[in-house]
Amino acid sequence: MTTDVTPTVRPGLQLRAYGSVSDPEILLYCFPYAGGSATFYQPWTALLPATVGLRALQLPGRQDMLDVPPFRHMGDLAAAAARLVTEDARGRRHVFLGHSMGAVLAYETARQQRREGRETPELIALSGYGSPDRERRFPSLEGLDDEELLAEVGRLGGIPAQIAASDQLRPLITPAIRADFTLLDRYRHIPEPPLDCAAAVFGGTDDPAVTVEALHAWDEHFTGSVTIEQFPGGHFYLSKWGSRVLSSVMNRM
């Protein structure tokens with residue numbers, strides 16, 4: 001079952017509730033990777049206990065939000081996400097989980113909550129993205145045409161070959177990918193005190209974009225305990241090892 005938690009788009013951002021848990025004790029908010037959608041996390045509902053509800057952010061420019069203009073700056077996106085999540089959580093325990101771009105968005109959303117005096121998550125799970133104050137190793141996609149863009153993203157494993165080769169699907173997925181990577185290119189980390197929560201950091205052993213040193217560097221951004229786990233695979237190791245990652249997160253909640 002899928003529902004929209006809020007009746008209106010805040011601006012260009014929606015929150016999807018998956019599963020049948022009507023009044024969860026704990027909320028798991030999932031943040032998408034660049035070009036990804038909320039539905040990536042929908043299968044995880046079958047792996048969650050009855051006390052946990054799954055929410056996923058749906059960004060503009062994809063699926064049923066194709067005509068909604070994308071966000072151009074991480075700060076604007078994080079501010080919208082912070083308001084949306086806080087209003088939905090209503091004081092309940094909550095945890096963030098994000099992969100790749102979703103990891104840095106989850107981190108910046110928590111920092112925005114703190115700036116506004118809102119309740120922050122008790123745990124942030126960060127997957128496929130190194131500490132944001134370290135040098136990024138993601139390719140720059142500026143100036144690439146659509147074919148080159150999809151080829152670069154395809155090397156990271158984020159686009160099935162049959163989709164990238166489809167004349168019908170390429171025009172539907174390219175704008176969101178381009179917008180998200182532009183947002184990442186513009187993002188610059190601004191130092192602030194560490195967040196007063198714990199973190200669980202995950203990565204693929206063969207990820208060309210994220211080093212193990214960059215994963216460990218997340219420790220500097222949290223006052224709580226920070227654990228580091230790697231699983232076999234590249235940047236999208238999560239597609240295969242999602243259940244193990246989710247299990248690790250549940251064990252810390």
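Here are some questions and answers on this predicted model. Residues are numbered from 1 along each chain as its sequence is written. Local features need pLDDT of at least 70 and side-chain atom pairs count only at pLDDT 80 or more, while totals for chains, interfaces and linings use all residues, and side-chain values use heavy atoms, with hydrogens and water left out.

Q: How many disulfides does the count come to?
A: A disulfide is a covalent bond between the sulfur atoms of two cysteines. The rule here asks for a pair of cysteine sulfur atoms within 2.5 Å. Going by that, the number of disulfides is 0.

Q: Is Cys 30 buried or exposed?
A: Buried means under 20% relative accessible area, exposed means over 50%, and partly exposed lies in between (1.4 Å probe, protein chains only). Cys 30 has 0% relative accessibility, so Cys 30 counts as buried.

Q: What about Cys 197, buried or exposed?
A: Cys 197 has a relative accessible area of 6%. That value is why Cys 197 is buried.

Q: What do the ends of helix H2 say about its span?
A: Helices (H or I, at least four residues) and strands (E, at least two) are DSSP runs, numbered from the N terminus. The expected span is 1.5 Å times one less than the number of residues. For the 15 residues of H2 (101–115) that should be 21 Å, and the end C-alpha atoms agree, being apart by 21 Å.

Q: How many of the 15 residues of H2 are buried?
A: H2 is largely enclosed by the rest of the structure, because the number of its residues that are buried is 13.

Q: Which elements do the buried residues of H5 pack against?
A: The buried residues of H5 include Thr 174, Ile 177, Phe 181 and Leu 184. With contact meaning heavy atoms within 4.5 Å, the buried residues of H5 pack against H1, H2 and helix H3 (146–155).

Q: Where is Arg 92 placed?
A: Arg 92 is buried, because its relative accessibility is 15%. Leaving aside neighbours within four places in sequence, its contacts include Asp 23, Glu 25 and Arg 55. As for its place, Arg 92 is in the loop between helix H1 (74–89) and strand E5 (93–99).

Q: Which residue follows H2 with a positive phi?
A: The phi in question is near 75°. The residue that follows H2 is Gly 117.
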